[in-house]
Protein chains: 2
Amino acid sequence: MVEDTDAGPTPDADAEIVAGRKPPSARVPLDRDTIVAEALTFLDEVGPGGLTMRRLGARLNVEAMSLYRYVPGKEDLLDAIVEHLIRGLYADPEVLAEPRDGWQDFLQRLAHGVRRMALRHVKAFPLVASRPPEAPWLRPPLRSVDWVESFLSGLLAEGFTDEAAVAAYRGFTSFLLGHLLLEVATHGADVGPLDVVEDTTPDPSLEDFPTVARLSGELSEDHAVEEFEIALEQLLERITALKVEHQG
Amino acid sequence: MVEDTDAGPTPDADAEIVAGRKPPSARVPLDRDTIVAEALTFLDEVGPGGLTMRRLGARLNVEAMSLYRYVPGKEDLLDAIVEHLIRGLYADPEVLAEPRDGWQDFLQRLAHGVRRMALRHVKAFPLVASRPPEAPWLRPPLRSVDWVESFLSGLLAEGFTDEAAVAAYRGFTSFLLGHLLLEVATHGADVGPLDVVEDTTPDPSLEDFPTVARLSGELSEDHAVEEFEIALEQLLERITALKVEHQG
DNA sequence: ACCTGAACACCGTTCAAGT
DNA sequence: ACCTGAACACCGTTCAAGT
């Protein structure tokens with residue numbers, strides 16, 4: 001029984017005749033940077049749980065497997081997103097790559113720039129904090145060698161000693177990390193793509209916690225801005241002390 | 001055709017005859033708390049990427065599906081782990097649930113207790129920081145109502161005003177979060193279950209970053225302990241100022 | 001009452017194959 | 001050179017079924 005069962009509809013009509021016609025969406029060649037950029041905006045939309053190689057591929061009109069031409073794997077993609085975020089600071093016109101009106105102004109601008117970035121990418125920022133750094137000197141959230149270089153050489157140019165500059169770097173990073181992570185966390189960090197059910201429960205059995213119950217009003221107030229400004233001022237004071245101390 | 005097809009090997013022998021014999025491994029009834037505890041130690045071993053409902057089930061000699069009797073889902077399990085961690089602070093003999101030798105001692109002990117906990121659970125601690133809090137007053141890493149109650153009522157008993165206590169709470173949490181997250185991150189936070197390849201590359205093209213290259217020695221030094229102690233001292237000073245200011 | 005088997009809809013990633 | 005299809009080994013979760 002060697003019957004020709006290959007009797008399916010062979011669409012030879014379209015194949016070669018209609019050449020020279022562009023596909024509907026002009027085939028952008030899809031490089032690594034557009035993948036990372038798209039991954040970031042997608043992550044901001046759907047949260048970490050929603051970012052999937054397959055879904056990201058679909059977004060770029062491509063099968064998931066095509067992404068592996070440009071990115072070694074999902075982990076590397078996440079790292080690339082973090083780097084993309086941090087390097088994006090150079091594009092912020094309020095942020096200076098080196099001091100112009102003194103180091104205090106330099107650090108003020110940088111701190112506020114990172115804060116704006118964090119608030120613009122609430123769902124992505126936790127990644128900046130939790131991905132393991134590639135080197136011990138790349139402390140989150142300043143996780144790009146470029147910026148560490150900018151930070152340190154900036155302070156050195158302003159008369160800091162090596163030790164003072166490094167100490168300032170340490171203080172600056174843990175200050176930023178603590179404040180910003182807390183801030184984006186309370187902004188409902190990674191609720192993800194799930195339906196957010198409005199919790200209308202007034203006080204879920206807060207009767208055993210009288211102080212929390214009494215102060216829940218004050219505790220819920222959003223003082224993020226003042227907290228940030230005040231703590232930043234105090235940090236700058238401490239860095240000043242540190243600077244003169246290392247010079248004396 | 002109503003034949004009795006139930007002719008499989010009916011093991012009626014063991015069923016009732018040998019009653020009063022325990023199965024080889026004493027069948028612990030598997031409650032929620034042992035699941036959470038096991039999940040935590042497992043997480044500490046394999047990292048967040050390695051924690052799987054199926055693998056956790058296998059660890060407890062049970063199919064993954066059995067876990068759903070005690071835990072609504074994986075997300076809830078992660079939240080439960082976080083709570084378990086924080087409430088574990090009460091078991092630390094160095095930590096006091098309320099002030100005994102003044103509020104500074106109280107906060108010192110609490111801060112060091114949280115630090116020990118973070119360092120004992122390097123892989124799990126980032127969860128404490130990144131899970132979205134259930135209420136705006138539950139700021140990481142002090143994410144259990146019990147502890148917020150302990151913290152606030154402790155300070156109030158020491159003469160703090162409501163405002164000063166709340167402000168101290170805010171300062172204390174962001175200080176802890178920033179320092180500890182940074183510390184566990186540099187301890188190679190969530191490398192996960194992957195093989196950690198020793199990176200023997202000396203300086204991966206650090207030639208464009210002269211300052212980082214020159215200071216990489218200082219930058220790599222581990223000053224975690226001093227940083228923590230100094231910053232904690234400064235925090236306590238700020239809280240003191242805050243306390244008297246609200247009283248005057 | 002407690003656990004299991006089988007199934008569903010999804011993952012990340014590989015590799016040979018298409019154009 | 002770039003993309004795809006099909007496949008593999010895993011996920012979380014459901015539900016009817018077993019004991």
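B:Phe151 is buried, at a relative accessible area of 0%, where buried stands for under 20% relative accessible area, exposed for over 50% and partly exposed for what lies in between, with a 1.4 Å probe and protein chains only. The model that holds this residue is predicted, so local features need pLDDT of at least 70 and side-chain atom pairs count only at pLDDT 80 or more, while totals for chains, interfaces and linings use all residues. Residues are numbered from 1 along each chain as its sequence is written, chains are lettered from A and ligands numbered from 1 in the order in which they are written, and side-chain values use heavy atoms, with hydrogens and water left out.

B:Phe151 belongs to helix H7 of chain B; helices (H or I, at least four residues) and strands (E, at least two) are DSSP runs, numbered from the N terminus. What surrounds B:Phe151? Not counting residues up to four places away in sequence, B:Phe151 touches B:Phe106, B:Leu107, B:Leu110, B:Leu142, B:Ala165, B:Ala168, B:Tyr169 and B:Phe172, a contact being heavy atoms within 4.5 Å. B:Leu110 stands 41 residues from B:Phe151 along the chain, and their C-alpha atoms are separated by 9.0 Å.

B:Leu40 sits in helix H2 (residues 32-46) of chain B. Its neighbours within four places in sequence aside, B:Leu40 is in contact with B:Ile81, B:His84, B:Leu85, B:His121 and B:Ala124. Between the C-alpha atoms of B:Leu40 and B:Arg131, which are 91 residues apart along the chain, there are 15 Å.

The view now turns to chain A. Its secondary structure consists of ten helices and zero strands. Of its 248 residues, 48% count as buried. Among the contacts in chain A with a separation of 6 or more, 69% are accounted for by residues 24 or more positions apart. Chain A exposes about 13,300 Å², of which carbon and sulfur atoms supply 52%; accessible areas come from the Shrake-Rupley method with a 1.4 Å probe, and for residues only the protein chains shown count as cover.

Most residues other than glycine have a negative phi, and most peptide bonds are trans. The peptide bond from A:Pro140 to A:Pro141, however, is cis, with omega near 0°, and a cis bond also joins B:Pro140 and B:Pro141, with omega about 0°. A:Pro141 lies in the loop between helix H6 (125-130) and helix H7 (145-157) of chain A, and B:Pro141 in the loop between helix H6 (125-130) and helix H7 (145-157) of chain B. Is A:Pro140 buried or exposed? At 0% relative accessibility, A:Pro140 counts as buried. Apart from neighbours within four places in sequence, A:Pro140 is in contact with A:Val128, A:Ala129, A:Thr173, A:Leu177 and B:Leu182.

A:Asn61 is placed in the loop between helix H3 (53-59) and helix H4 (74-87) of chain A. A:Asn61 counts as exposed, at 53% relative accessibility, and B:Asn61 is exposed as well, with a relative accessible area of 56%.

The two chains also meet. Their contact takes 45 residues from chain B and 46 residues from chain A. In chain B, B:Trp137, B:Leu182 and B:Leu219 lose the most area to chain A, together 15% of what that side buries. Between them the chains bury about 4,600 Å², with 67% of it on carbon and sulfur atoms; buried area is the accessible area (1.4 Å probe) that two parts lose on being put together, summed over both.

Empty space is the final topic. Rolling a probe the size of a water molecule over the atoms shows where empty space is left. On a 1 Å grid over the protein atoms alone, a pocket is an open set of points where a 1.4 Å probe fits, with protein on both sides within 12 Å along at least five of seven lines, and lining residues have an atom within 4 Å of a point. The second largest pocket has a volume of about 1,300 Å³, a volume being the space filled by probe spheres set on the points, which are joined across faces, edges and corners. Of the 48 residues that line this pocket, the closest to its centre are A:Ala231, A:Gln234, A:Arg238, B:Leu235 and B:Arg238. H10(A) gives the most to the lining, with twelve residues.
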